[in-house]
Structures are given as structure tokens and as C-alpha cells.
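Please keep the sequence and the model open while reading.

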Amino acid sequence: MPSAGSGARAAQFELMARYSHRAMISSEFADALAELINSTENLSTDDQINLREIQRQVKRAQAIPESLRAEQARFSALCHAAWIEARPQSDFSKVAPLLRKLVDLARAEAACLPEFQQPYDALLDIYEAGTTTAELAPLFEELANNLTQLLSKFKGKKSQLLPSSSVSSQQKLVENVLADLHFPKTASRLDVAAHPFMTTIGRGDTRITTRYDQTNSLSALYSVLHEYGHALYEMNLDEDQVGLPCGSACSLGIHESQSRLWENLVGRSFAFMQYLQPKVTAALNLSCSIEELLQNANQIEASLIRVEADEVTYSQHIVIRFLLEEQLINGRLQIEDLPEAWNSLYQKYLGVKPQNNRDGVMQDIHWYSGMIGYFPTYALGNLYAAQLWQHVRASIPQLDQQIAKGEFSTLQSYLKENVHKVGMRMHAKDLIEAITKKPLTSQPFIDYLATKIQ
Ligand code: CO
């Protein structure tokens, strides 16, 4: 879209937001819902859950005025467009007024929902229902402290990257691995995009993207493994419940746990390297040992950019964003002080300091698109994945041998039955506890990383 079209697009977003809001809070819909809920004895357990979840969404919508929804839609589109222009110039002052407006609108939304203990909880609820600031703050603090300790042990250890390889040979490798994962060609696509993502168009049409970098021979593969984890979740949702809560992903955090599981816990393991090494040799025409591959995929170094961060430092980027957005919503931090606050937290948690706002406070799309309360789901995804993984390993004793041979079906079935098919029948933390028989902690994640970087 040409940049001059962003105003008209914002107006269209606003109109769509008004229409969908009206439909959601219409009396016909509310009456039909109430009638169904009152006939509980005739309903299956799944339908009771579906109704409970839909009613939760309707209640939230009813508390929020249409004018607020409309402003959020319009200003999110305008701020996003402004960010696209201002980011290459690193010019925070160009986006600051619109970002201030989005934060004010998010605070206004939270003020409409007094049933939440804290304003920030009302925003968390959009992305990770049932999670609160009171739970996250100590969980993330402990996580950050442990990660800082791990990182200090790792200072200065860095190995050489693999030699460059052509885009076409990397494509061959990616397609090879997807074939071993039985990624179904009749129900999916793999394409190229500037920022890798997964999207489901409808049942039987789940798409993933990646990007190729000649100088980094494995980065496209790891993006594919990440998006594959998201795609597998979508493809395994309950077929009989399409479009309903029981047939929808549990939460963004659980979604991210599935992508991280394939990208990191599987993809960066020794067993996976045993499988991958002959494929790399054949497709990329590189001779490298299993040990070299393992080192390559497990480079650990504090850096400025979240999306390029390794397993140890990634969650620190999230803790920083959580602290900042929580303060913005509580009014303890002002937009004009945000870049400085960002830089000093990077110094504190990662020991690095951005030289400009492009690589600092302006690097991510989320805040500039009105998504506040979203970031914690990434770190939760890491924690969920590690706790699940501990349990999966105990449940499938032959897992390493299977992965080393490129046999992934036992793991895929396990995830389908225990995680994917459940949908929204449970909240995220209840799902993790039901599977692993333990409440969520950061310990399995820390243990996993500590073993890995010995
Ligand atoms: Co993801």
C-alpha cells in the first residue's frame, strides 16, 4: 500500500471496528446467548465451554464504548503507518504523540473493566486470559535474575558461523526437513516474507513464511521450525469445533510454546543435529561435524534486537518490555521518558546499550499497533515449552533416538492429544498444570538452559 493511503485505511479499520463491536453487543446476540446458557442441561460439556468463553468476550465488549473501539482502530492504523516511516530515521519524536494516544486509549479500556485487580491485568487478559501482574511480576523477576547469572557464565564464548550458502540450497534443506516433518503440501504453503509468520486462512489452509540470508546458512531453517510449531498447533485443533472456542488455540503463550518447542527444544538439541548433519552436508554442500552444527545453532550473546536473540537472552528482552509497559499503563512512566528507560533497562539486564532508537525502543511493531500486554506471552511461551518438554521427555523415553533418526510422529501425536486438541477447554496455566502435574515455574526452563550451556 502506498504510504499516502494510510489515512483512508485507518478510516476503514475504524468502520470495521464499529460494525464488529455493534454485532458483538447487539441485543439479538445477547438474547440468543442468554437463552442458550439457560438451557444448560441440554448442552454438551463442550458447548457449555463454548458459551462460557463467548460470554466472556461479549461481557468485555459490553463494558467498552463503541467510540473507544473506533478510536483504537483508527489510531492503531495511524501509529503503525507513522512507525514504518519514523523507524528507519530512528526518530522517536515522530511517533511519540500517536503512541501516547494509544497508551491513553489502553488505559481508558482498562478503566472500563474495574473487575480486574490492576489496569494492566485487563490488557493481559486479551492475550493470555487468566494471567495477572501479581503472578507475572515475581515469576519474571526470578527468571531475569537466573538468566543474568547464566549469561555471566557465558561471556566471551562464541564460535564461528557456518560458511554462507545460496538461497536455493537453503530452500532445498528447508523443504527436506519439512518433508520429514510430514508438513502436508495439500493443506499448507511455505512462502518468503520480510518477517516470518504463520497464518491460518481456514481449515486445510495453514501458511508459513520464512526469510533467507545467504550469510547465515541456518537462519531460514530455524524460522521455518518456529512457524512450523505454530502451524502444527493450528492444523491439529479439534476439527469438530472449528470456529468455536473449543476448536481455537488456548492462548498466545501456549501458541508460542509450540513454536519454541520445535525451534529450540527439538531444533537446537544434540539429537536433532544427528539427524540434520547429513542433510546439511548434502543440501548446503558444507562439511561440518555434529558438534560444529550444535555450536552454531547455540550461539549465546547479549544483543539489542529481540527477534535475533538466543534462548538465554530472549526472555530478558521480554522482561524489559513487561516492566516498561506495566509502568506506562500505571502512569508511572511517561512516553517522553520511554527511550531513556528502555536504554537503561537494556544496560541493566543485558549489559548492552542501543546507539539509536531504531535498534532500541522503536524495534518492535507491537506498541505502535496498539498491542500492549502482548509481550509477556513470548516469555510465557518459553516457560510453558520447557515445563512441557521435561514432561514429554519422561513420557517418551525413546525421544532422542527417534529425533536423531528423523522420526517425529510420536512427539507430534503426543502434542496433538495433550495440547493441540484441548483448545480453549482450559486456561493456559491450568493446561500446563494438568499435563505436568506441577504449577508453572521458571525452574524447568532454567534447568534446561543450565544443562545446555555447561
Ligand atoms: Co511465534
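## The sheet

S1 pairs with strand S3 (residues 205-210) in the parallel sense, over five bridges. Two strands count as paired if DSSP finds at least two bridges between them. Helices (H or I, at least four residues) and strands (E, at least two) are DSSP runs, numbered from the N terminus. The model is predicted: local features need pLDDT of at least 70, side-chain atom pairs count only at pLDDT 80 or more, and totals for chains, interfaces and linings use all residues. Residues are numbered from 1 along each chain as its sequence is written, and side-chain values use heavy atoms, with hydrogens and water left out.

The sheet is open, with three strands in the order S1-S3-S2 and mixed pairing. Its edge strands are S1 (188-192) and S2 (198-202), each pairing on one side only. On average, neighbouring strands are turned by 25° against each other, direction ignored. Ser188 has Thr206 in S3 as its bridge partner.

S2 and S3 pair in the antiparallel sense over four bridges. Gly202 stands opposite Asp205 in S3. The two strands, S2 and S3, form a hairpin with two residues between them. Gly204 in that turn has a positive phi of about 85°. Strands of a sheet pair through backbone hydrogen bonds, either parallel or antiparallel.

## Salt bridges

How many salt bridges does the structure hold? There are 27. The criterion is a side-chain nitrogen of Lys or Arg within 4 Å of a carboxyl oxygen of Asp or Glu. One of them joins Asp205 and Arg207, at 2.8 Å from N to O. Arg207 is partly exposed, at 30% relative accessibility. Buried means under 20% relative accessible area, exposed over 50%, and partly exposed in between (1.4 Å probe, protein chains only).

A network of salt bridges links Arg52, Glu53, Arg56, Arg60, Arg69, Glu109 and Asp125. Within it, Glu53 bridges to Arg52, with the closest N and O atoms 3.2 Å apart. Glu53 is buried at 2% relative accessibility, whereas Arg52 is partly exposed at 43%. Asp125 and Arg56 also meet in a salt bridge, at 3.3 Å from N to O. This pair links distant parts of the chain: Asp125 lies in helix H6 (residues 119-127) and Arg56 in helix H3 (residues 45-63), 69 residues apart. Asp125 is buried, with a relative accessible area of 13%. Arg56 is partly exposed at 29%.

## Nonpolar cores

The largest nonpolar core has 130 residues. Such a core is a set of buried Ala, Val, Leu, Ile, Met, Phe, Trp, Tyr and Cys residues joined through side-chain atoms within 4.5 Å. Which members touch the most others? They are Phe92, Trp262, Leu276, Trp367 and Tyr368. A second, separate core of five residues includes Leu33, Leu43, Leu51 and Ile54. In soluble globular proteins, nonpolar side chains tend to be buried together.

Contact means heavy atoms within 4.5 Å. Leaving aside neighbours within four places in sequence, Phe92 is in contact with residues including Leu99, Ile335, Leu338 and Tyr368. Trp262 sits in helix H10 (residues 252-266). Trp262 is buried, at 0% relative accessibility. Beyond four places in sequence, its contacts include Leu181, Leu225, Tyr228, Phe408 and Leu415. Trp262 and Asp364 are 102 residues apart in sequence and 23 Å apart in space, C-alpha to C-alpha.

## A buried loop residue

Is Thr131 buried or exposed? Thr131 is buried, with a relative accessible area of 9%. It is found in the loop between H6 and helix H7 (133-154). Leaving aside neighbours within four places in sequence, Thr131 is in contact with Leu124, Leu136 and Leu380.

## The whole chain

The protein chain has 19 helices and three strands. Its radius of gyration is 23 Å, close to the 22 Å that the globule rule gives for 454 residues, so the chain is as compact as a globular protein of that length. The radius is taken over C-alpha atoms, and the rule is 2.2 Å times the number of residues to the power 0.38.

Along its principal axes, the C-alpha trace spans about 65 × 55 × 45 Å. Of the 454 residues, 52% count as buried. Among contacts between residues at least 6 apart in sequence, 72% join residues at least 24 apart.

Definitions and conventions: Axes fitted to C-alpha atoms, helices over the stretch in contact; angles between N-to-C directions.
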